Amino acid sequence: MTEAEKIRWFRQVSKSITSRCLDAGANLQWLQEKMHPYLSVTMHDEAEAIGSLAIQLPYLKRNKRLVLTDTPKTLILARLNQPGSLYRTLRLLREREISYAQFTHSYAPVPGIGEELELQRFEFDRRSAEEVLDAEEPRIPKRLQREIRTALKEHYPQYDFSRFDKELRLLWINNKAYVRHSPARRVAQIIWLYHQAVANGGVYFDTEPAEEILDKPEYRILFAAGNPPQLDFLQQVMEVYNRLGLGVKRAYCLTIHNGLHPYFLGTFYLCEEGEELFAKHGFLYNQLAHELFNTQILSTAAETYRLVIDGHLTGIDASLVNAFASFCHTTLAHNQPDRFSYQEVEAAFDSDIEMTLRLVALFRLRFEPQLPGRTENYECELAKLNQAINAYNTGHAYLDDIRRTVFRCCLLFITHTLKTNFFVAEKHALAFRIDPNYLDELGSEFTSDLPPERPFRVTFFFGRHGCGYHIGFSDIARGGWRTVLAKNRDDYITSANTLFRENYVLAHTQHLKNKDIYEGGSKMVVSLDAADLDNPETVTRRLYKLQYGFIQAFLDIFITSDGTASDPRVVDYYGEDEPIELGPDENMHDEMVELIARISKKRGYLLGPGVISSKQFGINHKEYGVTSTGVISFSEITLQQLGIDARKDPFSVKLTGGPDGDVAGNALRLLLERCPQVQFRLILDGTGALFDPAGADRKALQQVVLKSDIDRYDPQALHDGGMMIFRSQTKREGLRELYRKITRQGDELIEEWITVDEFYRLFNNLIFDVEADLFIPAGGRPETIHTGNWQQFLVEGKPSARAIVEGANSFITPEARDLLQQAGVVIMRDASANKCGVISSSYEIIANLLLSEKEFFANKDRYVGDVLEILEKRAADEARLIFRRYQKLAGSRSYTDISAALSKEINAHYARLFDYFQKRPELGTKPLYRRALLAHLPRILRETPHYRKRIGKLPLKYQAAILASEIASSMVYQEDRDAEYEQMLCGHLQRHFGAGD
């Protein structure tokens, strides 16, 4: 290019700049007149960006978008308002957490272009929980406080002003600029929206008229969600509006953190389309509410979401189809994981949309509230669908067989579901209470790997990021809630494959364990998919979201009035109260336990806060060592059978589980307190292992018991030949990771660093090789000892421990138990030895039913003392009976078989007695039966007159259950099994409860 050409080119550029600058003034005037007046408020700190827009506005005709600001915390874009324009922007941002989003349309086409302007602003400055909790007390200008309070009083007089200071402070900490620059009316609106979301269980939806702008009436939609799904949530919300044909003219979406989890607070403005919405509870209003609430459940990653985008399914029905697929997968895959993988099951529904829609329609026919002609239409469609599934044939025999099975399974799910919260709009997850008879109709092909006994109820839960079951083997049932946290996709699929069987086996084992209390056994197991998360805070948020959603769904269907679901949107084919008691288990944090108790009380569940064992209003298992009380009682009686008086004689113990753990720590404490000559030769936990052939030093051990893990034990206290290995202490040499090992040789401590292979070979072999009189597995993974390694427990053909008392559940597989007992080991199984934890939890519920919180705390020490006395007796009764039966049978049945038989015997008596007393409620008032009922209770309740009077006010179902439990267990433990049933019952009561008043 010549010098003259360069000059001409620069003149052209200068002319273009001059022309743009001359036009910018007119463009800015147009923006002022044709954009919402709030533009100058919401873009108060972005004058440069608006100036840039005024200059570049005409060039939108040939540019997809104009980037006005792009910094790490702010992105401002301008583009023409075209179908999907915002959706496309949000897709580009799906990997970023948006703290504030604003988009505004012009009220007229851009001059010379003919299309409206869309201005988009995004901020990426979310506060973390730590930042909110650690924030200093803010200095909010008094003028602002007065103006916002006045706006709240004018527009939202129902607001609870006792929360004003706290909620304004929270908003300020999260987004000071928003509070400082927004009109007081807007800030008041956001505070009201947050307040309503909290008050309404984490979700809120409403519509209201907005101010008229430029002679165009506007309608405001308020939508809030607590702990919303991560990342692409706003995109999903906007998809709902687009799918329903609702053109959002502008929106302001703020995400704030309250120290526990985030809240999405969105206000959306519509023009003419909003008029129909304002007819509250009309078709469009209800449809939008259901779809927005459903964003909590419908995953955008699921295959069905594509069908939603394409218009084949509503979002609500897509969630139901996802639940169908999840139920069918977990029901079929535990027995045949390859044939019925999740992908295969999901493909069955995706491959035949017509069949899928018919299944959805059948479900709606069965459960849609106030549906005329329900029964006739349902029966007719059911018959047609049955015929269609039986005749299903696409010419692909292998796939057709899989898909027929999936569709039949889905049909069983629909026909055996007795109630569901599917039609509750503001739900956080789906819940389905199912008649367990579907298992027999499913066939042995899919149930042969389950215990033969059938449960009383099965409840299936489905959420956006996981699924789970609650399985109970009795009407009144209790058992823990375990959440399996899958850190990658393979873990989640593996967990989901075995979820139902794992839950079934655990619930069945719990039922055997619960034989001494009025609640039968149950278990809730949930699998959480956290594969796409790598941040601990977001993992915890998702965990809480799933658990919160499932407990709300649980309450949706189990809160009843006169036996029927209280919510009229829940069609109830069961029609009875269902007292279900949960307990904290794996990945259930104290904060969630207390929250569940509060929600249950607030929503009016028949057990109130007693739905879960609370840490505040309860008996802390670790503090009082309730589980270990039973384990040690069993241990003492077992040692007595071996000729060892544990209180006087020397004996040796090896133990798994950390000294700071509940069961292991309290087992160590009790043995140290009661047994002056006990030797602890091995203590092994997740941090490492201590081996000492002369027994761990008592003083050194007392320094760590119930205080820290075994890696904190002082190596100086080791005796000659003693050793410690440390999983928690490593170093790296080149590419090798090495683990610390310390050995005592005479007066010298030898430190070594061993390889990973050496460490795990030593660590894994210790429980087999170390010899002791007693082995207490009080921690560790299930099935640690199994058929593939049980022989390692034999040292030169002799068991390395004479007796095993199982403090941990399922540490030894049933097959390995049998083989070890044949080799001469005395084994007290988990369902017997560690039963006292669940018995203690049962007495927490009784305290909740009969005492106020103030009364409980005033008498807690006495109440807990009474419970510990009961636990000692229950453990000793069973342990002694097991040995009596073993001797009577001359060893023809194993100890663990006798234990299982005792559980089944007591449970069979309980079931018959419970039914008997349910039909004869008047028996509970008769003196003889009343004394039996009182005998089950802690001493303080039966001996304190004003507490004793309350017992008659217990629900009749509870009175029947307590009577049945006390009589059933005492009948077996006292071995009263002769005479006719009625005579036996009366005779037993007369002999054991006849004396006294």
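User: Where is Thr 483 placed?
Analyst: Thr 483 sits in strand 13; strands here are DSSP runs of E with at least two residues, helices are runs of H or I with at least four, and both are numbered from the N terminus. The model is predicted, so local features need pLDDT of at least 70 and side-chain atom pairs count only at pLDDT 80 or more, while totals for chains, interfaces and linings use all residues. Residues are numbered from 1 along each chain as its sequence is written, and side-chain values use heavy atoms, with hydrogens and water left out.

User: Why is Thr 483 called buried?
Analyst: Buried means under 20% relative accessible area, exposed means over 50%, and partly exposed is in between (1.4 Å probe, protein chains only). Thr 483 has a relative accessible area of 0%, so Thr 483 is buried.

User: What makes the pair Thr 483 and Trp 481 a polar contact?
Analyst: A polar contact is a pair of N or O atoms within 3.5 Å; within protein, one must be able to donate a hydrogen and the other to accept it, and residues adjacent in sequence count only if both atoms are side-chain atoms. The side chains of Thr 483 and Trp 481 are joined at 3.4 Å, so the pair meets the distance limit.

User: Which residue makes a polar contact with the side chain of Thr 896?
Analyst: Ser 894 does, through its side chain, at 3.3 Å. Thr 896 belongs to helix 33 (residues 895–919). Thr 896 is also buried, because its relative accessible area is 6%.

User: How do you know whether Asn 294 is buried or exposed?
Analyst: The relative accessibility of Asn 294 is 3%, so Asn 294 counts as buried. Asn 294 is in helix 12 (residues 283–294).

User: What makes Asp 475 and Lys 957 a salt bridge?
Analyst: A salt bridge is a side-chain nitrogen of Lys or Arg within 4 Å of a carboxyl oxygen of Asp or Glu. For Asp 475 and Lys 957 the N to O distance is 3.0 Å, so the pair qualifies. Asp 475 is in the loop between strand 12 (466–472) and strand 13 (477–486), and Lys 957 is in helix 37 (residues 956–973), so the bridge ties together parts 482 residues apart in sequence.

User: Why are these two residues called buried?
Analyst: Asp 475 has a relative accessible area of 6%, so Asp 475 is buried. Lys 957 is at 13%, so Lys 957 counts as buried as well. Both residues belong to a network of salt bridges, whose members include Lys 419, Arg 433 and Arg 457.

User: How many salt bridges does a search of the whole structure find?
Analyst: The search finds 65. One of them joins Glu 426 and Arg 569, with the closest N and O atoms 2.8 Å apart. That pair links distant parts of the chain, 143 residues apart: Glu 426 is in the loop between strand 9 (417–420) and strand 10 (430–434), and Arg 569 is in the loop between strand 16 (564–565) and strand 17 (580–584).

User: Why is Glu 426 called partly exposed?
Analyst: Its relative accessible area is 32%, so Glu 426 is partly exposed. Arg 569, at 26%, is partly exposed too.

User: What are the values for Asp 125 and Arg 127?
Analyst: Their side chains meet in a salt bridge of 3.1 Å, N to O. Asp 125 has 27% relative accessible area and is therefore partly exposed. Arg 127, at 25%, counts as partly exposed.

User: What is the phi of Leu 706?
Analyst: Leu 706 has a positive phi of about 60° although it is not a glycine. Leu 706 lies in the loop between helix 26 (698–702) and strand 21 (723–733). With a relative accessible area of 28%, Leu 706 is partly exposed.
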